[in-house]
Amino acid sequence: MRLVLAAAAVVGAAVLGARAIVDPLNPHVLLAPTAATRFPIVILADGFTPDEESDFDSAAATIAAQVQAASFYSANIGLFSFTSAFNAAATSGVSTVGFHDPTGATECAIDWDPSTSATIDAVLTGVAHFRVIVIGNRDYHFGCAYDQWIYLAQEAQFYPDVIPHELGHAIGGLKDEYFPDPPASFAYSGPALVNENCWSGAPPPWWQAAFMTATNAPGCMGYTAGVVHAYDDCRMKRLTSDFCLVCLSLMNKAIAPPPPPAAPTNIRIIKASMQPPPPPPVATVRLLVRVNAATSDVAVTSVSEESRLPASTRARVGDIAYEITDGGQTIDTAVVPGDPFEVRSYAGSPAAPHTAARRDSANVVVYLQQATLAALRSRDVAITFYRLSPTARPRQDVTPDALGAMKTATPPQATSFATLTADALRRAVETAIATRRPI
Amino acid sequence: MRVPTWVIAAVLLVLGVLGWFSRCAFQNCDRTVKTRLTLDAEGGFAYVKPPAAGGGEVDIAFLKDVHATDAAGEHTCDVHQLGVRLFIASGVLVQPATQPLAGWDVANTTITFTPLDAKTSGPLIAFRGQPPPSPNQPADVNNDVSWQDLVWVASVDNSYSANKLSSTWLDKVSGRVQLTRGVLLAHHPTDPLVQKGTWELKNARGNPPSFTQAMTDATEYTVDVPGDTVTITLANASGQTPSSIVVKADSVHHEVKLKLVGVHDDPPSTIPVDAPLTHYCAFFQLLDPVPDATAWLMPHWKGDALTPGGMGQASPGGVCPGDAMGF
């Protein structure tokens with residue numbers, strides 16, 4: 001009997017111990033995931049003391065409700081889930097994940113440590129997240145987006161269109177369509193914009209045939225000339241508007257579920273069964289990978305296993321793509337929405353529109369479909385990042401075949417700039433398994 | 001000698017009576033129930049001292065759409081208002097039961113707080129001092145106290161001797177908040193970059209003379225309201241906006257906190273250095289006579305002189321700074 005009680009005590013302690021690790025976050029499900037959910041969003045407290053938890057709870061619930069009420073998201077609500085996570089601070093207003101006041105000229109009204117994105121993922125171990133909305137306990141109204149997070153000063157909760165706009169960047173790779181009033185004048189001279197909701201090519205823009213009501217007025221992405229936008233009345237230009245037809249079409253393409261990956265050649269069939277086997281649980285491995293476009297350095301920031309379909313897309317929502325190979329065979333491709341090296345802000349951005357708000361390295365979210373951490377230990381999975389020529393195969397999905405053709409075109413239309421080797425990925429997976437936190 | 005019992009009883013009675021009546025010398029005996037009300041206002045509101053009120057009132061006025069042209073028919077000012085939103089930031093709603101996600105649209109309402117009386121709050125204090133010398137910023141831009149002077153809400157009519165607040169200004173605004181008691185202070189800007197920077201108010205012809213100053217888009221009003229609830233009366237309310245809102249303090253904040261946000265169309269999301277804040281033109285329409293457009297002192301962003309390399313862009317976003325009139 002004593003032995004039984006002792007064993008029960010040990011088991012109980014283990015369970016309590018596991019809860020003790022997770023519970024300090026006090027996650028609240030604000031919108032429960034469904035089987036179709038691909039975009040789980042976590043709202044994380046930053047700089048709130050335990051006495052201020054109700055302030056955070058209120059802000060988080062408000063922001064989640066604002067997104068659910070916005071037209072595009074309400075029509076696709078099954079794809080989203082919202083969870084709030086309270087990461088208590090010892091001192092009011094002081095970040096626990098490394099956000100701090102800028103010490104010089106920066107892209108945003110807030111600055112952050114090099115380890116901030118990794119810290120956020122570590123704090124959220126066991127809590128699935130496509131994007132993290134960090135609510136900072138600061139008495140201001142501004143925002144900043146980079147890596148996998150969107151930072152909002154808490155006053156932003158009173159501006160219900162901020163997050164629906166920001167998710168347009170994160171999901172559909174949509175560009176900002178606003179620009180300064182005259183007499184400010186900025187002529188666009190960057191890479192061709194032919195896939196996006198801003199158009200820098202010769203008229204007519206790509207959308208003209210489908211949306212004949214588009215006005216194509218000059219100005220987009222902070223530039224006043226050399227680039228046009230389709231409609232003035234658009235969520236990416238004007239607070240309080242819905243997505244215009246062009247942005248809506250891009251968002252709808254971006255949320256289409258990606259096709260399953262190709263089967264690698266080294267899969268072993270264990271045995272055939274007379275009865276059809278039950279469908280395996282959906283398993284996706286999410287990687288946060290730091291990629292340096294200047295040095296080609298690649299490092300895994302975090303690894304997690306999620307029981308949901310991935311948030312990846314093959315739609316042409318950006319000019320950075322990645323290829324997943326297993327044993328040298330391409331099994332999947334995906335496009336990174338927008339420009340991951342760009343730091344977006346509203347309030348406190350640099351003097352030239354967007355041109356200075358770039359960093360050499362960024363954390364990119366990569367999804368491995370139908371994969372588990374255990375399976376990855378014995379596979380030769382590598383990930384290669386490509387920069388796509390904007391004008392190559394415009395608006396076409398980046399399938400494995402399409403990417404292959406772009407790589408071999410003369411001149412190449414897809415240029416690799418960084419690779420996460422199979423060895424490096426295996427090491428990251430082993431570390432993740434060894435430190436995996438019970439849920 | 002033995003003191004009689006009745007003497008002891010009498011002394012104790014006298015001491016007790018004295019103690020009862022003198023207790024207020026040592027503790028607050030004011031048992032008036034009151035509720036602290038705070039209103040944070042963010043946006044391009046006109047802070048008007050109505051002449052008819054004799055200086056005892058400030059109205060936070062909501063500008064109407066402006067589409068002004070000059071004699072040649074050229075557009076000189078185009079500002080499209082998207083509304084004014086009122087939120088309960090903290091407190092427990094008594095009536096109605098819930099607030100809309102985007103707050104109540106109060107653009108066309110006149111808002112008052114009731115009941116207010118002399119027992120719980122004094123006459124309105126809305127101090128607006130003289131601008132300090134160049135660079136005309138708060139002594140410590142990072143200190144909230146340094147921003148409390150309403151001088152950091154710029155004022156167009158201070159620069160025009162012949163153009164004062166129009167007697168028909170109420171026709172040019174869609175709604176307002178009437179403040180008659182309590183304290184109105186300026187608050188640091190909602191944008192941290194704007195908090196560190198300055199604006200040069202100037203026109204092309206150099207008259208009136210240009211000047212530079214820090215500007216804020218935020219104010220904070222505080223008043224103690226008798227009773228355990230605050231009633232917000234919204235005259236002319238329509239649609240989903242109720243004619244009154246009743247709130248009581250919650251157990252965490254022990255106050256009722258409101259947020260008033262003004263949003264207008266196509267806000268210049270970012271303003272490069274030396275570029276004008278064009279929507280500021282709306283305030284000149286409240287003057288009588290309206291100065292010629294070439295004489296409007298328009299704020300031009302001068303950047304953040306305090307941070308090396310930190311010129312940056314001002315970003316009013318949906319929130320432009322306000323203006324004080326009649327002070």
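In the predicted model, A:Phe72 belongs to helix α3 of chain A, which spans residues 71–75; helices (H or I, at least four residues) and strands (E, at least two) are DSSP runs, numbered from the N terminus. Residues are numbered from 1 along each chain as its sequence is written, and chains are lettered from A in the order in which they are written. Local features need pLDDT of at least 70, side-chain atom pairs count only at pLDDT 80 or more, totals for chains, interfaces and linings use all residues, and side-chain values use heavy atoms, with hydrogens and water left out.

A:Phe72 has a relative accessible area of 4% and is therefore buried (under 20% relative accessible area, with exposed over 50% and partly exposed in between; 1.4 Å probe, protein chains only). Beyond its neighbours within four places in sequence, A:Phe72 is in contact with A:Phe80, A:Phe243, A:Leu248, A:Met251, A:Asn252 and A:Ile255 (contact: heavy atoms within 4.5 Å). The C-alpha atoms of A:Phe72 and A:Pro164 are separated by 8.8 Å, although these residues lie 92 residues apart along the chain.

A:Arg235 is located in the loop between β11 and α6 (245–255) of chain A. This residue, A:Arg235, is likewise buried, at 4% relative accessibility. Residues up to four places away in sequence excluded, A:Arg235 touches A:Pro164 and A:Phe243, among others including A:Asp161, A:His165 and A:Asp242.

In chain A, 3 strands form an open antiparallel sheet in the order β9-β11-β10. Its edge strands, β9 (198–199) and β10 (217–220), each pair on one side only; two strands pair if DSSP finds at least two bridges between them. Strand β10(A) is joined by 3 bridges to the antiparallel β11 (residues 223–229) of chain A, in which A:His229 is the bridge partner of A:Ala217.
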